[in-house]
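Student: Hi! I'm new to this one, could you walk me through it?

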Amino acid sequence: MIVGYVGYSNDDYTLKLQIATLKKYGCNQIFHSKNSKSEKKDSQVLGILDLLKPSDIFVVCKLKHLADSITQLLEITNYIREKGIIFVSTEDQLDTCVPIGKIIFKTLEILNEFSRNILHERKVASLKTGRPRGRNGGRPKVNQQKLNEAISLYLSQIMTVV
């Protein structure tokens with residue numbers, strides 16, 4: 001089975017173009033994202049992928065229609081790989097059936113891991129340099145006395161939050 005996914009777009013022409021491309025590719029079913037919010041898109045895509053079986057083909061026009069970040073893209077493509085689904089992005093000319101498609105996604109995984117490691121190293125270094133200056137990271141401690149006083153003023157309606 002060949003299943004297509006049309007990403008969210010404010011432009012009707014873009015949606016029609018995506019649908020036409022996926023039909024031309026031979027998609028039996030085409031699903032449509034109704035929301036541009038990243039977390040909703042992620043759950044919609046994973047819901048579609050749950051319907052597919054190994055060796056089914058999942059097609060999008062562009063990677064940007066599938067995910068909003070490299071991390072999200074890698075999560076989705078890892079899920080696709082684990083399920084044994086073939087992934088195709090028509091305009092990006094990616095196909096996980098062929099070795100070059102597999103290499104591209106492995107490269108993306110390596111770059112993403114490298115980026116995460118750099119961020120982690122910066123965070124650790126920042127915490128180490130901040131400690132001698134009295135910075136421990138995280139939120140500052142709340143003065144419980146001031147907090148209780150503010151809550152009592154609010155509850156007594158002497159002061160309100162605007």
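Student: How many salt bridges does a search of the whole structure find?
Tutor: The search finds three salt bridges. Keep in mind that this is a predicted model.

Student: Which side chain does Lys 62 meet in a salt bridge?
Tutor: That of Glu 91, at 3.8 Å, N to O. The pair links distant parts of the chain, 29 residues apart: Lys 62 is in the loop between strand E3 and H3, and Glu 91 is in the loop between strand E4 and strand E5.

Student: And what does Arg 81 pair with in a salt bridge?
Tutor: Arg 81 meets Glu 109 at 2.4 Å, N to O. Arg 81 lies in helix H3 and Glu 109 in helix H4, so this bridge ties together parts that are 28 residues apart in sequence.

Student: What about Lys 106 and Glu 109, where do they lie?
Tutor: Both are in helix H4, three residues apart, about one turn of the helix. Through shared partners, Arg 81, Lys 106 and Glu 109 join into one network.

Student: New topic! Which residues line the largest pocket?
Tutor: Among them are Arg 81, Phe 87, Lys 106 and Glu 109. The pocket holds about 200 Å³ of space, and H4 gives the most to its lining, with five residues.

Student: Which aromatic cluster is Phe 87 in?
Tutor: Phe 87 forms one with Tyr 5 and Phe 58.

Note on methods: Residues are numbered from 1 along each chain as its sequence is written. This is a predicted model: local features need pLDDT of at least 70, side-chain atom pairs count only at pLDDT 80 or more; totals for chains, interfaces and linings use all residues. Side-chain values use heavy atoms; hydrogens and water are left out. Rings of Phe, Tyr and Trp (its six-membered ring) pair if their centres lie within 6.5 Å; planes under 30 degrees apart count as stacked, over 60 as edge-to-face and the rest as tilted. On a 1 Å grid over the protein atoms alone, a cavity is a set of points where a 1.4 Å probe fits but cannot get out, and a pocket is an open set with protein on both sides within 12 Å along at least five of seven lines; lining residues have an atom within 4 Å of a point. Grid points are joined across faces, edges and corners, and a volume is the space filled by probe spheres set on the points. Helices (H or I, at least four residues) and strands (E, at least two) are DSSP runs, numbered from the N terminus. A salt bridge is a side-chain nitrogen of Lys or Arg within 4 Å of a carboxyl oxygen of Asp or Glu.
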